[in-house]
Amino acid sequence: MSTPQVDIVVVGGGSGGTLSANLLAKQLSSAIHSGKARVHLVSGSKLHIFQPGYLHVAFTGQDPKELLRDEDDLVNRDIHLIGEDADRIDLKTQAVTLKSGQQLHYDYIIIATGSVANPKAIPGLSEAALNFHTSPEESRRIWDALQRFDGGHVVVGIAGVPHKCPPSPNEAAFLLDDYLRKRGIREKAKITFVTPYPRPYPAEPMSRVVEPRFQKRGIEVVTFFNVESVDPAKREINSLEGESLSYDLLLMVPPHRGADVIIRSGIGDADGWIPTDKNTMRITGHENAYAVGDATNIPISKTGVTAHLESVAATNNILSSIQRKGELHKYNGRIHCPFEMGSHTASFVIGSYDMPVKEVQPTRLRYMMKKGFAMFYWQTLSGNWDWIFAMYFGRTRRVEKSQPRPA
């Protein structure tokens, strides 16, 4: 086999990374087989986790094992899967250094390292609060705590921003209410939802959907509550505004930051978010480097659907460059976040860069669609079903003629 002419490295084996590698391997199959191209996927985890399922582990008792698949079973056979984490990424020398010290040099790179829950950013939070954004095991701790809960004050909400999956704090409150009613102890519990935003949900159209449903269920809302610290001994949560709330059970979504490798490599901001063009997905200042999903600094929802659509744009731009098509693919910022609202109903948060978030009422049908997507998720990672995405979402990117590079 001759030395490959093009090396592409994808860093991160989550939704965006796995899909990106599969899309590239699919489109470059002939070049890979003839030794003219190679696609590497760097992923230190042998397991791929369906992270939206954390919510159901926490509040419905779903078995965490149901969220797991072997990464090796999800990637195209033409991909060189590297089972270790990246230690550093050097965008200037175009090299990725692995934990073992081995270096991978690339012609193109896609960084899909995701985000990291960071409860230690707030004093006392990691000791006092449980959350469902860290791991299946941490989510299970919530379920176990609920089995022991017989009444009292439960505080649910947002401890800091940004965080992935914007609807998830609200979903937690709805599912908690469902659970307590099912056990017949809802009247023994007070649920308070705290948020740094001026309304129950950040986007006003969807807040108009959430607020009356919170009121109907007796879920109290405390707005403009920016968490400063938590006192585990006193069981109090304190805000920057000088307010305090006592609790018996604290369920908080912690603030998130970028991955350690991004911070170590100095390619993100102070919190590890990678500066990225919101349309092309190029990393600022680097024509051959792309970032997708939660890893970027793009002010848009950090969700799996977003990562998917961004990956399609990024991989198409790499393919266009390799194949000299002269095309520039631009993602339009489409979001489509499932939003469970209890009693087996769900809505979706829908918007784009040019289309404000819509008001979408929850229905049983949308709940079934959300459940269906969870089962279909594993197939979407292959890249073979994007025609369904295109049919359902409509146009999520536009193609332009790229400007010729200066001589």
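**Looking inside a predicted model**

Colleague: What is the relative accessibility of methionine 369?

Modeller: Methionine 369 counts as partly exposed, a class lying between buried (under 20% relative accessible area) and exposed (over 50%), with a 1.4 Å probe and protein chains only. It gets that label because its relative accessibility is 33%.

Colleague: Which helix holds methionine 369?

Modeller: First, a word on the model: it is predicted, so local features need pLDDT of at least 70 and side-chain atom pairs pLDDT 80 or more, while totals for chains, interfaces and linings use all residues. Residues are numbered from 1 along each chain as its sequence is written, and side-chain values use heavy atoms, leaving out hydrogens and water. Helices (H or I, at least four residues) and strands (E, at least two) are DSSP runs, numbered from the N terminus. Methionine 369 falls within residues 364-380, which make up helix H10.

Colleague: Is asparagine 238 buried or exposed?

Modeller: Asparagine 238 sits in strand S15, residues 236-239. Its relative accessible area is 16%, so asparagine 238 is buried.

Colleague: How far apart in space are asparagine 238 and phenylalanine 225?

Modeller: Along the sequence, asparagine 238 and phenylalanine 225 are 13 residues apart. From C-alpha to C-alpha, their separation in space is 8.5 Å.

Colleague: Which helices each supply at least two residues of the lining of the largest cavity?

Modeller: A cavity is a set of points on a 1 Å grid over the protein atoms alone where a 1.4 Å probe fits but cannot get out, and lining residues have an atom within 4 Å of a point. Around the largest cavity, the lining includes Ser15, Leu19, Gly304, Val305, Phe373 and Tyr377. At least two lining residues each come from helix H1 (15-27), helix H9 (304-322) and helix H10.

Conventions: On a 1 Å grid over the protein atoms alone, a cavity is a set of points where a 1.4 Å probe fits but cannot get out, and a pocket is an open set with protein on both sides within 12 Å along at least five of seven lines; lining residues have an atom within 4 Å of a point.
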